[in-house]
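Let's walk through a structure together, one feature at a time. Have the sequence and the 3D view open as you read.

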Amino acid sequence: MTTQTDTDQLRVWVDQDLCTGDGLCVQYAPDVFEFDIDGLAYVKDGSGELQVSPGVRVDVPAHLRLDVLDSAKDCPGECIHVMRGDSDDEVAGPNAPVE
């Protein structure tokens, strides 16, 4: 199964219950991920507003798709979920199909 992510609208969220606070995501895509005062990563919306409610999904800007996908793939806590924007299909993260 081939996952096409170069043209699909993607959304991302972080499961703080699994976040290790390692910070790879913040390094890879600081426009999308940020640490809160609890030392865990959260997503930011298009205006840069930190989204601290559990399970909140934000749109991934087109120019940051690869950085966000790499964040999900390299996350040691396996807490980043990247979904297709038009469905709940996970394309990167712990529940993504193995290719």
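Q: Let me start with a pair of strands. How many bridges join S6 to S7, and do they run parallel or antiparallel?

A: Before we look, keep in mind that this is a predicted model. As a general idea, strands of a sheet pair through backbone hydrogen bonds, either parallel or antiparallel. Here, S6 and S7 are joined by 2 bridges and run antiparallel. One place to look is methionine 83, which stands opposite glutamate 90 in S7. The two strands also form a hairpin, with 5 residues between them.

Q: What is the order of the strands in the open sheet?

A: Read across it and you get S5-S1-S6-S7: 4 strands with antiparallel pairing. The edges are strand S5 (58-59) and strand S7 (90-92), each of which pairs on one side only.

Q: Is S6 mostly covered or mostly open?

A: Mostly covered: 5 of its 5 residues are buried. As for what packs on the sheet, helix H2 (residues 65-74) touches S1, S6 and S7. The direction of H2 makes about 135° with that of S6.

Q: Which residues of H2 are buried?

A: They are Arg65, Val68, Leu69, Ser71 and Ala72. Looking down the axis of H2, you'd see these buried residues fall within an arc of 155°, so they line one face of the helix. On the other side of H2, Leu66 and Lys73 are exposed.

Q: What do the buried residues of H2 pack against?

A: Quite a list: S1, helix H1 (24-28), strand S2 (33-35), S6 and S7.

Q: You mentioned S2. How many bridges join S2 to S3?

A: There are 3, and S3 covers residues 41-44, running antiparallel to S2. In this pairing, phenylalanine 35 has alanine 41 in S3 as its bridge partner. S2 and S3 make a hairpin with 5 residues between them.

Q: How should I read a positive phi, and which residue other than glycine has one near 45°?

A: The general idea is that most residues other than glycine have a negative phi. In this structure, glutamate 78 has a positive phi near 45° without being a glycine. You'll find glutamate 78 in the loop between H2 and S6. There are glycine cases too: glycine 39, in the turn of the S2 and S3 hairpin, has a positive phi of about 85°. In the hairpin of S3 and S4, glycine 48 takes one near 90°.

Q: Now a single residue. Is aspartate 59 buried, partly exposed or exposed?

A: Aspartate 59 lies in strand S5. It is partly exposed, because its relative accessible area of 44% falls between the 20% limit for buried and the 50% limit for exposed.

Q: Which residues is aspartate 59 in contact with, leaving aside its neighbours within four places in sequence?

A: Those are Gln9, Leu10 and Arg11. With arginine 11, the side chain of aspartate 59 makes a polar contact, side chain to side chain, at 2.5 Å. For a sense of distance, take isoleucine 80, 21 residues apart from aspartate 59 along the chain: their C-alpha atoms are separated by 13 Å.

Q: Last topic. How many disulfides does the count come to?

A: A disulfide is a covalent bond between the sulfur atoms of two cysteines. Here the count comes to 0. For cysteine 19, which is in no disulfide, the nearest cysteine sulfur is that of cysteine 79, 4.4 Å away. Cysteine 19 is buried, with a relative accessible area of 14%. Cysteine 25 is in no disulfide either, and its nearest cysteine sulfur, that of cysteine 19, is 6.2 Å away. Cysteine 25 is also buried, at a relative accessible area of 7%.

Methods
Residues numbered from 1 in each chain as written. Predicted model: local features only at pLDDT ≥ 70, side-chain atom pairs only at ≥ 80, totals over all residues. Heavy atoms only, no water. Pairing = 2+ DSSP bridges. Contact = heavy atoms within 4.5 Å. Axes fitted to C-alpha atoms, helices over the stretch in contact; angles between N-to-C directions. Buried < 20%, exposed > 50% of the residue type's maximum accessible area, 1.4 Å probe, protein only. Arc of directions from axis to C-beta. Polar contact = N/O pair within 3.5 Å; in protein donor to acceptor, adjacent residues only side chain to side chain. Disulfide = S-S within 2.5 Å.
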